[in-house]
2 protein chains.
Amino acid sequence: MKIAIIGLGLIGASVARALNGLAEITGIDRDPATTRKALEDGVISCGGADPALASGSDLVVIAVPVGGIVETAEKVIPHLPHGTVITDTGSTKDSIVRRIDAIWPYFVGSHPIAGKENPGYDASQATLFRDAVCIITPTEASKDRCIEEVRWLWTSCGAHITAMAPDRHDALMAIISHMPHLLSFVSMSLAGDIHFHRELLGAGFRDFTRIAASDPVMWRDIFMANKDHVLSLIDEYMAELGTIRDVIRTGRDQELEGMLRRYATIRRDLYEDKR
Amino acid sequence: MKIAIIGLGLIGASVARALNGLAEITGIDRDPATTRKALEDGVISCGGADPALASGSDLVVIAVPVGGIVETAEKVIPHLPHGTVITDTGSTKDSIVRRIDAIWPYFVGSHPIAGKENPGYDASQATLFRDAVCIITPTEASKDRCIEEVRWLWTSCGAHITAMAPDRHDALMAIISHMPHLLSFVSMSLAGDIHFHRELLGAGFRDFTRIAASDPVMWRDIFMANKDHVLSLIDEYMAELGTIRDVIRTGRDQELEGMLRRYATIRRDLYEDKR
């Protein structure tokens with residue numbers, strides 16, 4: 001099995017490490033220092049910046065940031081023999097899948113749900129996907145052989161596979177990941193002069209705002225790529241916040257308690273009361 | 001030194017435990033099972049439900065939930081000789097301080113910033129306040145002797161003291177604690193049917209929503225007691241969320257990246273890049 005991985009950041013290099021001994025890995029990255037390091041580390045057996053290096057592979061994994069996935073596919077496809085399976089690792093799926101499906105019939109989208117705060121090659125590890133969930137998003141047009149090859153990829157990395165339609169993926173991720181990030185980011189606009197009172201910041205503030213320190217470029221791309229779901233959830237959120245604002249303003253104690261109890265019950269049920 | 005503690009929950013009972021050997025503690029709680037347990041555990045030397053039990057004390061600590069603090073003060077004050085110092089442990093200060101100041105000239109408000117998920121007596125521990133911050137909120141009318149006695153109380157429990165005006169306390173806590181709780185609570189309204197996909201919930205979601213499982217009655221009282229600051233921060237937050245909504249909707253990439261970068265920088269600076 002020959003696999004080409006484009007983008008040797010945290011995700012791409014961790015895939016390469018996880019497949020060590022199972023496949024022959026070609027690593028493609030625009031940064032020569034990264035491919036050199038990956039070669040020295042034995043993480044890849046061949047490396048460089050040219051997409052043409054992917055031409056002899058059975059499977060191509062595009063592990064670049066969301067905003068560059070389609071463009072990367074467009075650059076590599078002219079070098080691939082018909083039949084070469086392509087997957088990606090992007091955190092949004094619908095627009096990516098639709099655009100690559102339109103130019104390559106052997107594409108199946110993936111989203112391994114794994115990450116660390118440090119996004120670079122140096123943070124990569126063979127065990128990153130062990131017991132993680134990887135969502136794959138085949139469509140009606142996807143060929144069974146391609147789906148099986150992508151399943152094999154992630155299973156070999158130690159992940160559990162969940163399959164769903166690309167739009168369903170984006171709708172769920174908007175709730176589970178994109179909105180929490182957006183709401184946490186925006187809360188920083190209230191922070192004002194609290195840096196004068198760092199000693200007062202407790203565990204609640206720390207945990208609630210942790211994801212507000214995430215990478216701005218990555219999240220710009222995710223919010224833009226999943227615009228429709230994110231916008232409609234912002235509207236839902238603002239409507240609910242407006243309602244609770246009114247309940248507080250008019251002093252409706254019982255109604256406020258009822259709302260808070262409903263929220264707390266949803267959270268507790270999700271984790272079966274393990275916080 | 002004789003101290004009466006009213007409310008033997010997590011905070012009150014932890015104060016009693018921390019002062020073991022330093023003071024003679026009378027415990028007052030409406031639940032007879034709790035005072036009995038505290039007596040058996042040697043956490044208090046005298047206990048019951050009657051506020052009159054506080055009459056011989058030098059210092060009275062009101063450690064009941066925010067919504068009951070003023071009422072509790074009104075009940076205990078008729079039993080106290082003039083000069084008895086009172087403090088409380090509420091998470092909001094301005095309205096509490098104004099209302100008790102008006103009926104008792106020996107009151108100084110406190111807010112020990114310590115807590116655990118389990119709010120009851122059984123979770124109490126002598127070390128709860130060790131190296132925690134305790135905010136005290138004296139006013140211009142506060143007597144030095146009363147301030148010193150309340151400082152002694154918290155220092156003896158192991159806490160570091162920060163003093164500020166009650167309204168300043170409420171303004172800061174609205175940013176640091178009340179808004180994060182409110183925003184996290186409200187985010188649960190978006191959760192929809194994600195309980196079908198528990199396996200997809202990652203660390204970001206878990207941490208962002210952890211405080212949404214907080215006690216509904218306690219938070220109802222806090223939001224109502226700090227209504228003015230909370231309402232004005234909700235307005236600020238909705239304005240900022242409306243702005244970012246518009247930036248996403250109209251596809252202004254660079255502007256979005258600029259906003260996210262500004263938020264991430266505030267968060268990183270607060271923790272000096274330790275997430």
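Visitor: How does α8(A) pass α10(B), left-handed or right-handed?
Guide: The crossing is right-handed. A crossing counts as right-handed if the near helix is turned clockwise from the far one by less than a right angle, and as left-handed if anticlockwise. Helices (H or I, at least four residues) and strands (E, at least two) are DSSP runs, numbered from the N terminus.

Visitor: Before I go on, what am I looking at?
Guide: A predicted model, in which local features need pLDDT of at least 70 and side-chain atom pairs count only at pLDDT 80 or more, while totals for chains, interfaces and linings use all residues. Residues are numbered from 1 along each chain as its sequence is written, and chains are lettered from A and ligands numbered from 1 in the order in which they are written.

Visitor: Back to the pair. At what angle do the axes of α8(A) and α10(B) cross?
Guide: Roughly 130 degrees, and the axes come within 9 Å. Axes are lines fitted to C-alpha atoms, for helices over the stretch in contact, and angles run from 0 to 180 degrees between N-to-C directions. α8(A) and α10(B) are therefore oblique to each other. Under 35 degrees would be roughly parallel, over 145 roughly antiparallel, 65 to 115 roughly perpendicular, and the rest is oblique.

Visitor: Which residues make the contact?
Guide: From α8(A), they include A:Trp219, A:Arg220 and A:Phe223, and from α10(B), B:Leu256, B:Leu260 and B:Arg261 are among them. Being in contact means that the C-beta atoms of two residues, placed from the backbone, lie within 7 Å. The residues of this contact divide into 8 nonpolar, no polar and 4 charged. Here Ala, Val, Leu, Ile, Met, Phe, Trp, Tyr, Cys and Pro count as nonpolar, Asp, Glu, Lys and Arg as charged, and the others, Gly among them, as polar.

Visitor: And overall, how many residues of chain A are in contact with chain B?
Guide: 72 residues of chain A, with 72 residues of chain B. On the side of chain A, α9(A) gives the most, with 14 residues. That side has 41 nonpolar, 13 polar and 18 charged residues.

Visitor: New topic: where are the domains of chain A?
Guide: Domain 1 covers 2-164 and domain 2 covers 168-270, with bounds from an automatic or database domain assignment. Their centres, taken over C-alpha atoms, are 32 Å apart. In chain A, 13 residues of domain 1 are in contact with 11 residues of domain 2. α4 (94-101) and β7 (133-137) each give two or more residues to the domain 1 side.
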